[in-house]
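Q: I'm new to this one. Can you walk me through it?

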Amino acid sequence: MTVAPHDLNTAYQRDGYVTRLDLFSTAEMQTFRASFDALESREGPEKCAIGLQGRHMDEEFIWQMAADPRVIEAVSACMGEDVMLLSTHFFCKYPDPDNKKYVAWHQDITYWGLEPPEAHTAWIAVDDADIENGCMEVISGSHRDGIATHGTSESTDNLLSIHQEIPDDLVDSSQAVPIELTAGQASIHDGQLFHASRPNRSDRRRCGLTVRFIPPAARQVEKNSTGQQWLPILVRGEDPYHHYPETPAPFPFPGS
Ligand SMILES: O=C(O)CCC(=O)C(=O)O
């Protein structure tokens, strides 16, 4: 991590996100990308677009990315000492000549069923992500304005699980900040931050691994949007709450 933990925390509290964290080297990313490419050939691009969720439990390379000490350290600098890995989810946007598939403005926390409503996401670039191929965009500081009532998009081209969206009149999209990353870099965003992404207008794939984290205090009070119970894994610090069944790490901790 190139930024001191204190500075990372200050920026995160203020803006609701931090970005361009240099986490994985080019060589490490080539290896991870090759593993993703192999998974993609087995599962097919349709599934890979948004259908690979929670696969850190059976694909070791995903666990290695998600639980890497550099990821956990950066996340911990943002959210605190006690960290549970909630889930992982690829957002893989393929070249989209019809300019259709997008992610609507939303706040993650509204559909995860957590109380208190706190979660944090590391978005790790598997491929370079830029404006042309539909990188994530955020509204800086929007995590401080509370939870917005979400509607449902008329279009099923909104890739989100239940097509949720913040209505246009609640988002000043002229203030959107593009989160451009090169492969191996990551951003971290607060679960209450407004974020979205536009269609992939390039001829390049744009794949990112989102890794979701919660503090142990956040218990599940409702099913999440895909109807599941979460099974988070403690990856740093202590869990004094025991809200969840103890779930062991599926593979050895990276670097152990
Ligand atoms: O990768 C994207 O385009 C959107 C990611 C996202 O919505 C999320 O991390 O919750």
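Q: Which residues of α2 are buried?
A: This is a predicted model, to start with. In α2, the buried residues are M29, F32 and F36.

Q: Why are they on the same side of α2?
A: They cover an arc of only 70 degrees around the axis, so they sit on the same side of α2. The general rule is that an α-helix has 3.6 residues a turn, so residues three or four places apart point the same way.

Q: What do the buried residues of α2 pack against?
A: They pack against α4 (60–66) and β12 (206–214).

Q: And which exposed residues are on the face turned away?
A: That face of α2 carries A27, A34, A38, S41 and R42, which are exposed.

Q: How many residues does helix α2 have, and how far does it reach?
A: Helix α2 covers residues 26–43, which is 18 residues. From first C-alpha to last it reaches 25 Å, close to the 26 Å expected at 1.5 Å a residue.

Q: What about E43, where does it lie?
A: E43 lies in helix α2.

Q: Why does E43 count as partly exposed?
A: Because E43 has 14 C-beta neighbours inside 10 Å. A buried residue would need 20 or more, and an exposed one 12 or fewer.

Q: What is E43 in contact with?
A: Leaving aside neighbours within four places in sequence, E43 is in contact with C48 and L52.

Q: What comes just after α2?
A: G44 does, with a positive phi of about 90 degrees.

Q: Switching to α1. Which residues are buried there?
A: Helix α1 runs over residues 5–15, and its buried residues are L8, Y12 and D15. Seen down the axis of α1, they fall within an arc of 90 degrees, so they line one face of the helix.

Q: What do the buried residues of α1 pack against?
A: Three elements: β1 (17–22), α5 and β10 (185–190).

Q: Which exposed residues does the other face of α1 carry?
A: Turned away from the buried side of α1 are H6, D7 and Q13, which are exposed. Just after α1 comes G16, with a positive phi of about 85 degrees.

Q: Is α5 mostly covered or mostly exposed?
A: Mostly covered: eight of the eleven residues of α5 are buried. Among them are V71, I72 and M79. G80 follows α5, and its phi is positive, near 125 degrees.

Q: Then where is D82 found?
A: D82 is in the loop between α5 (69–79) and β2 (83–93). D82 counts as partly exposed because it has 18 C-beta neighbours inside 10 Å.

Q: What is D82 in contact with?
A: Leaving aside its neighbours within four places in sequence, D82 is in contact with P215, P216, R236, G237, E238 and D239. By contrast, the C-alpha atoms of D82 and G16 are separated by 19 Å. Those two residues are 66 residues apart along the chain.

Q: New topic: the ligand. Which residues are around the ligand?
A: They are F91, V103, D108, T121, W123, M136, H195, S197, G208 and T210. By class, that shell has four nonpolar, five polar and one charged residues.

Q: Which strands supply at least two residues of the shell each?
A: β5 (120–125), β11 and β12 do.

Q: How many residues of β12 are buried?
A: Nine of nine. R206, G208, T210, R212 and I214 point one way from β12, whereas C207, L209, V211 and F213 point the other way.

Q: How many bridges join β2 to β12?
A: Nine, and the two strands run antiparallel.

Q: What is the bridge partner of M136 in β11?
A: S197. Strand β6 (residues 136–138) and strand β11 (residues 195–197) run antiparallel and are joined by three bridges.

Q: In what order do the strands of the open sheet stand?
A: The order of the four strands is β3-β11-β6-β9, with antiparallel pairing. β3 (103–106) and β9 (177–178) stand at the edges, each with a single partner strand, so one side of each is left without a neighbour in the sheet.

Notes
Residues numbered from 1 in each chain as written. Predicted model: local features only at pLDDT ≥ 70, side-chain atom pairs only at ≥ 80, totals over all residues. Contact = placed C-beta atoms within 7 Å. Expected span 1.5 Å × (residues − 1). Arc of directions from axis to C-beta. Pairing = 2+ DSSP bridges. Near = placed C-beta within 6 Å. Nonpolar A, V, L, I, M, F, W, Y, C, P; charged D, E, K, R; others polar.
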